[in-house]
Amino acid sequence: MRRPPHGSASNAPVDTMGCERLASPTASPRDRRFQTLVALMLSSQTKDTVNAVAMNRLQTSLPASSSSSSAKPGLNLENILAVEPETLNELIRAVGFHNNKTRYLKRAAVICRDEHDGDIPDTIEGLVALPGVGPKMAHLCLSAAWDRTEGIGVDVHVHRITNLWGWHGRNGSKNPEDTRARLESWLPRDKWREINTLLVGLGQTVCLPVGRRCGDCDLGLKGLCPAAERKKVLEGRRVRESVGVVVDGETVAKVESEKLEVVEKEYIVNEVVKEERD
């Protein structure tokens, strides 16, 4: 289950700026786990692009917890515990509900210190006990931080798209938790982790909440999406039937865009033009 590298849903924000990708690769394993938790806590009601900026500010500008030479600025448990709420709030101001999230981060840091030996919880029960962390965040955090997948992280995209496809029957699922339970009842366990990234990326780029791009969607064009808008699909098929390449006012090549990726099309066109001129 992978999106084509040059498909219409490629390069979705989640692919490069999703929460599981925002922890610093140079941080210690413990700090990377904490950074993953923070990224997820900041992500609620916030676009991936905005969340990535806020995380970068914390990783580069969060003050060191003390003046000791061993203490370094950046995002870790000790610095979150020590930072003044006002300073933390300013660093994450771009994310949605930053005032609440400032309080959640400070309280969660205390719980991690006092109840989990300075690390983040390693169970779903422990994670959902943190302020501001729900089941979706907990399942995603356990997968990304501890490499253990015990459930599906269902966000608005997964909930919306699977209902759009009719995966939960005629009446659909009631809420994300209902969606999670229904998916887990039949989806193979080895797909539980990746379904979130796949459907979030699709929802960010093609299957949008408003203005779905059915004419650009391979599923719709191939007749695999029961919710595809027929008019958009027909127009998309017409566009994809052939691409006329015009050079000096004359059509010199036709490239079937359903079979070739953008890079391949450019290569073939260049070769045709070269042969024509030779």
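Arg 212 touches Leu 164, Val 206, Cys 207, Ala 227, Ala 228, Glu 229 and Lys 232, leaving out residues up to four places away in sequence; a contact here means heavy atoms within 4.5 Å. This is a predicted model, in which local features need pLDDT of at least 70 and side-chain atom pairs count only at pLDDT 80 or more, while totals for chains, interfaces and linings use all residues. Residues are numbered from 1 along each chain as its sequence is written, and side-chain values use heavy atoms, with hydrogens and water left out.

Arg 212 sits in the loop between helix 11 and helix 12. Helices are DSSP runs of H or I with at least four residues, numbered from the N terminus. With a relative accessibility of 19%, Arg 212 counts as buried, because buried means under 20% relative accessible area, exposed means over 50%, and partly exposed lies in between (1.4 Å probe, protein chains only).

Cys 207 is also placed in the loop between helix 11 (194-205) and helix 12 (218-221). Its relative accessibility is 9%, so Cys 207 is buried. Apart from neighbours within four places in sequence, Cys 207 is in contact with Arg 160, Ile 161, Leu 164, Leu 202 and Arg 212. Arg 160 lies 47 residues from Cys 207 along the chain, and their C-alpha atoms are separated by 9.6 Å.

**A group of tryptophans**

How many aromatic pairs does a search of the whole structure find? The search finds two. Rings of Phe, Tyr and Trp (its six-membered ring) pair if their centres lie within 6.5 Å; planes under 30 degrees apart count as stacked, over 60 as edge-to-face and the rest as tilted.

| Pair | Centre to centre | Angle between planes | Type |
|---|---|---|---|
| Trp 165 and Trp 167 | 5.1 Å | 50° | tilted |
| Trp 167 and Trp 186 | 5.4 Å | 80° | edge-to-face |

The pair of Trp 167 and Trp 186 links distant parts of the chain, 19 residues apart. Trp 167 is in the loop between helix 9 (156-164) and helix 10 (176-184), and Trp 186 is in the loop between helix 10 and helix 11. Together, Trp 165, Trp 167 and Trp 186 form one aromatic cluster. Trp 165 is buried at 16% relative accessibility, whereas Trp 167 is partly exposed at 34% and Trp 186 is partly exposed at 44%.

**Helix 2 meets helix 6**

The axes of helix 2 (residues 29-43) and helix 6 (residues 98-115) come within 10 Å and cross at roughly 150°. The two helices are therefore roughly antiparallel, a label for angles over 145 degrees. On the helix 2 side, Leu 37, Val 38, Met 41, Leu 42 and Ser 43 meet Lys 101, Tyr 104, Leu 105, Ala 108 and Cys 112 of helix 6.

Helix 6 also holds Asn 99. Is Asn 99 buried, exposed or partly exposed? At 43% relative accessibility, Asn 99 counts as partly exposed. Leu 88 is eleven residues from Asn 99 along the chain, with 9.5 Å between their C-alpha atoms.

How values were computed
Axes fitted to C-alpha atoms, helices over the stretch in contact; angles between N-to-C directions. Parallel < 35°, antiparallel > 145°, perpendicular 65-115°, else oblique.
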